[in-house]
Amino acid sequence: MIYRTEKDILGVVKVPVDKYWGAQTERSRKNFKIGKESSMPIEIIHSFAILKKAAAHANFEFGLLSKKKRDIISLVCDEIIEGKLNNQFPLVIWQTGSGTHTNMNINEVISNRAHVLMGEILGTKKSFIHPNDDVNMSQSSNDTFPTAMHIASYKKLIEKTIPSIKKLKETLEEKSKSFKNIIKIGRTHLMDATPITLGQEFSGYVSQINHGLSSIQKTLDNLSELAIGGTTVGTGLNSPKGYDTKVTEYICQYTGYPFKIAKNKFAALSSHNAMVEAHGALKEIAVSLIKISNDIRFLASGPRSGIGEIFIPENEPGSSIMPGKINPTQCEAIIMVCIQVIGNDMSISIAGSSGNYELNVTKPLIVYNFLQSSQLLSDACTSFDSFCIKGIQPNYKRIKEFLDKSLMLVTVLNTHIGYEKSAEIAKSAYKNNKTLKEEAIRLGYLTEDQFEKLVNPSKMI
């Protein structure tokens, strides 16, 4: 490989000649070879570019940056946002806990790319745009990284996660309505209980998802607060008065979202409760989805030895040895995703508690896990909706068979003949392998007409 030399305060560093990053990025790349699949999420890089562009425009308005510098910084930021420079950000999340290395990676790429756009060759002379003095003007890694965290996380929830969850919820709602007249036996403790409709059962799933969506929506207000302007410890040192407001206005303009200044920048730098809270809402969705997925795979179990009250789509062969076997693979996949999200929540909770004095030093881990959970839930909900929920059909024969044989229909007799006589009928029917009606008549507690009038599943739901 051919190298060029770059310099920072620690000395000279060799950098691949075709890369736009500089000395500090290269030092991090060599010093933190940790993890093969843990690169800084590209959403953070793109959010940083939005921020750097906004900062350049704000600094220009305050008379701190020339128009020429503002424009060339903006041009490079646009390239980054469009994904044209994605291969210029090689750093992993396992780096400095403030994210300084990634901030400098952005600064260096903008500086060197600007150098090339102005007709110069990398490494030939000092760039017109300085990574610290110009690109990082009025900023610190300590306020830029959490700002990028919030921009990326907010956008991910709005653009990916929430729409996918809503679509799944809508499909469940459609199923609930179409199943409203299908009476089946309910189950508690995995044992037979009183009747319910399949539509009512699915309405519970709809409600769970609705509550989860509501929880996510409630966290967006806190997540929209940006730390920018706090600089190194929250005081705003080296940034002009009003800078935070102006940068935030530009970020809102570029994204179309209602971001705002953090109410307290000391908290915005040293703790990440908004991220903890928002991910807690994702965990709530994950918990609900595990319950829903388990219910569906149990209801579909069989086809001859299980419950088998519903049919799910046959997407692919289920076994390499058992011919014709079909498995509830979509249910299993989303359960694994949700377990991962719950694990991520524990990591984020511990990381969120790891602020010391004026800075939390686990920022890359928090945002990596947050974005992973958001994307996984989005993808899994879309897959679960498309390849499982939409294709669910009732097994009418099986449903009626279980309903007709259920002993717990006897519950409706409690208010007519009492709990003890009703229990006697149920126990006797089970012991003698008879129907409830046969035992109620044999024991002399009800006539056939009385039984049929009282024990009517359609009046028990």
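User: Why are H2 and H3 called roughly antiparallel?

Analyst: In this predicted model, H2 and helix H3 (residues 67-81) pack at an angle of about 165 degrees with their axes 9 Å apart, where axes are lines fitted to C-alpha atoms, for helices over the stretch in contact, and angles run from 0 to 180 degrees between N-to-C directions. Angles under 35 degrees count as roughly parallel, over 145 as roughly antiparallel, 65 to 115 as roughly perpendicular and the rest as oblique, and H2 and H3 are therefore roughly antiparallel.

User: What makes Asp345 count as buried?

Analyst: Buried means under 20% relative accessible area, exposed over 50%, and partly exposed in between, with a 1.4 Å probe and protein chains only; because its relative accessibility is 8%, Asp345 counts as buried. Asp345 is found in helix H11 (residues 329-352) and touches His279, Gly280 and Lys283, leaving aside residues up to four places away in sequence.

User: How do you know that the buried residues of H8 line one face of the helix?

Analyst: The buried residues of H8 include Tyr243, Val247, Tyr250 and Ile251. Seen down the axis of H8, its buried residues fall within an arc of 160 degrees, taken from the directions from the helix axis to the C-beta atoms, so they line one face. What covers them includes helix H6 (141-178) and helix H9 (265-270).

User: Which conventions apply to the model?

Analyst: Residues are numbered from 1 along each chain as its sequence is written, and side-chain values use heavy atoms, without hydrogens or water. Local features need pLDDT of at least 70, side-chain atom pairs count only at pLDDT 80 or more, and totals for chains, interfaces and linings use all residues.

Methods. Helix = DSSP H or I, 4+ residues; strand = E, 2+ residues; numbered from the N terminus. Contact = heavy atoms within 4.5 Å.
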